[in-house]
Amino acid sequence: MALALGPAVGNGFARFGYGLILPAMQSDLGWSYTAAGWINTANAIGYLAGALLALGCSNYIGPARLFQYGMAVTAAALALSGFTDDFATLIALRVLAGIGGAPVFIAGGAMAATLFASDSSKNALAIALYFGGAGAGLLLTALLLPPMLEIGGAASWPYTWQALGALSLAALLPAWWGARQISEAPSPSGALVFPPWTRLMPSLAGYFLFAAGYIVYMTFVVAWMRVNGSGAGMVVATWGLLGLAVMVSPFVWRRVLAAYANGVPLGLASMATGLAVVLPFALAGWGGLLLSAVVFGLSFFIAPTAVTSFSKKNMPRAQWSAAVALYTTAFALGQTLGPIGAGWMADASGNLSVSLWAGAAVLLAGGALGFFQRSLSPPARVD
């Protein structure tokens, strides 16, 4: 649970919290959708740099220090984002938050996967709790940020970043303590053990498309809701349900994750996420929005869980960190393209719905690719 503070901060706050703040920043600062998209694209660029950093450093300094340093960098970037309205400075801080967030996610996931190695049930629970941290972060942002913006108006957006920064700084001590309890020594040689990446191309490509598609929804769905007349109460309900669904999603999908050692879980998760994006258009009114949030929350965090599970089942332990970093690199590349592409489409068409439909199509394509990923045969022995 201490490790779960990592995705709560790095994902729930730093990456997804922006979706709630975006309409206020756009209104107060006069941004186009393209400019708004660039803010999250900057975070994704930083996330890519952080993933590459983790890939190169994990066997030199160990996952615990990567996790700890990443948490500190992310918390500082969030706090500082509330003290400037300069676009270039905000871009730089979003890059910095991404650089910190990727090592947190990669190292924390690798450490969670090593817990209770002799008890598969407890091991699955540890991984579920870890990924559920992002849902807890989403839920907290839903309860905190929309009411703040409703009371203070669009110009109060700096205070939301400051609040997220304060919460992130408060999470540092327990998160650092948790990482120290399961610290693993770095490899004596410092050598990075790469997985057989050429045999992972279907899942890598599918994960890339998944990232490009899901981030469109997480960046712009609240802006789309606001344009279509949703108030703060509906935003709180939608985002809060999404966070709750993320928290329970590993338990809903655990049989699927346990049953397959191939790309089926990734394919199903991406397909379900794409269908969730379509639901507000298929079912008009609040019912479609709430159902979309539930289905999306139940599905989108299963994709990283699926590739982590796939790595554990098909590769020796020495390759786990590098495999997670490789998947995270593909993920970060997709995230980089999604927000800026969707923002450009919204500005060009004058309709944000076009961007959401495009995101759904990309998710469905990523799901189709995931189904082509076979298990590594013969299966690698897992230590």
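**Helix kinks, pocket and cavities in a predicted model**

Helix H6 has a kink of about 30° centred on Gly132, the bend at a residue being the angle between axes fitted to the seven residues ending there and the seven starting there. The structure is a predicted model, in which local features need pLDDT of at least 70, side-chain atom pairs count only at pLDDT 80 or more, and totals for chains, interfaces and linings use all residues. Residues are numbered from 1 along each chain as its sequence is written, and side-chain values use heavy atoms, with hydrogens and water left out.

Helices are DSSP runs (H or I, at least four residues) numbered from the N terminus. Just after H6, Gly153 adopts a positive phi of about 80°. In helix H9 (residues 232–259), a kink of about 55° is centred on Trp253. The 28 residues of H9 should span 40 Å, and the end C-alpha atoms are 41 Å apart, which agrees.

The largest pocket holds about 630 Å³ of space. On a 1 Å grid over the protein atoms alone, a pocket is an open set of points with protein on both sides within 12 Å along at least five of seven lines, whereas a cavity is a set where a 1.4 Å probe fits but cannot get out; lining residues have an atom within 4 Å of a point. Grid points are joined across faces, edges and corners, and a volume is the space filled by probe spheres set on the points. Of the 25 residues lining the largest pocket, Ser120, Asn123, Ala124, Ile127 and Lys312 lie nearest its centre. Helices H5 (87–114), H6, H9 and H12 each give two or more residues to this lining, and H6 gives the most, with seven. The lining comprises 13 nonpolar, seven polar and five charged residues (Ala, Val, Leu, Ile, Met, Phe, Trp, Tyr, Cys and Pro count as nonpolar, Asp, Glu, Lys and Arg as charged, and the others, Gly among them, as polar).

Five cavities of 30 Å³ or more are found in the whole structure. The largest cavity has a volume of about 80 Å³. Its lining has 13 residues, of which Arg15, Phe105, Tyr207, Pro304 and Phe331 are the closest to the centre. Helix H8 (201–227) gives the most to the lining of the largest cavity, with three residues. Ten of the lining residues are nonpolar, two polar and one charged.

Technical notes:
The expected span of a helix is 1.5 Å times one less than its number of residues.
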